[in-house]
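Let's learn to read a protein model together, one feature at a time. Have a look at it first.

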Amino acid sequence: MSTATTTRPRQYLHDPSWGALPEGLVDWNYVPAVAVDSQDRVYVNQRGAPSIIVYSRTGEILATWGEQFEKGAHGLIVRQESDGEYLYFTDVARHCVVKTTLEGREIWTL
């Protein structure tokens, strides 16, 4: 007897009105990663300045930061830990992994 469940494929809908570009940016640069935290804030990691754009669930820009990642942050994950949520970046330009707060303050670099 099989206990496997079937799942429906996810469906996505493009909404061109969601998530305006930050001031001074006319188009997206290369975007290697997007992550979502437990509050449904969306973290877009792009090559260039600003490197990190944080959006609300409704697409409002909440913050921009990440000058240290302009040339090479590649991977990005949100990780829940015992004392809160953190972002982890793989920075190929600096050859390291960086842990930051959700506001962008570096906690450690490996």
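**Reading the model, step by step**

A: Before you start, keep in mind that this is a predicted model. Of the protein's 110 residues, 38% count as buried.

Q: How do I read the surface, and what share of it belongs to carbon and sulfur atoms?

A: Take the total, then ask which atoms it belongs to. The accessible surface comes to about 7,600 Å², and 52% of that belongs to carbon and sulfur atoms.

Q: Which residues form a nonpolar patch on the surface?

A: Trp 28, Val 31 and Val 34 do, with about 240 Å² of accessible area together.

Q: Let's zoom in on Val 34. Is Val 34 buried or exposed?

A: Compare its relative accessible area with the cut-off: exposed means over 50%. Val 34 has 52%, so Val 34 is exposed. You'll find Val 34 in strand 1, which covers residues 33–36.

Q: Last one: how do I read the charges, and how far apart are their mean positions?

A: You average the places of each kind of charge. The protein has 10 positive and 14 negative charges, and their mean positions are 7 Å apart.

Notes
Residues numbered from 1 in each chain as written. Predicted model: local features only at pLDDT ≥ 70, side-chain atom pairs only at ≥ 80, totals over all residues. Heavy atoms only, no water. Patch = residues over 30% accessible without salt bridge, like charges linked within 9 Å, V, L, I, M, F, W, Y side chains within 5 Å. Areas by Shrake-Rupley, 256 points an atom, 1.4 Å probe, with all protein chains shown as cover. Salt bridge = Lys/Arg side-chain N within 4 Å of Asp/Glu carboxyl O. Helix = DSSP H or I, 4+ residues; strand = E, 2+ residues; numbered from the N terminus. Buried < 20%, exposed > 50% of the residue type's maximum accessible area, 1.4 Å probe, protein only. Lys, Arg positive; Asp, Glu negative; His and termini not counted. Charge placed at Lys NZ, Arg CZ, Asp CG, Glu CD.
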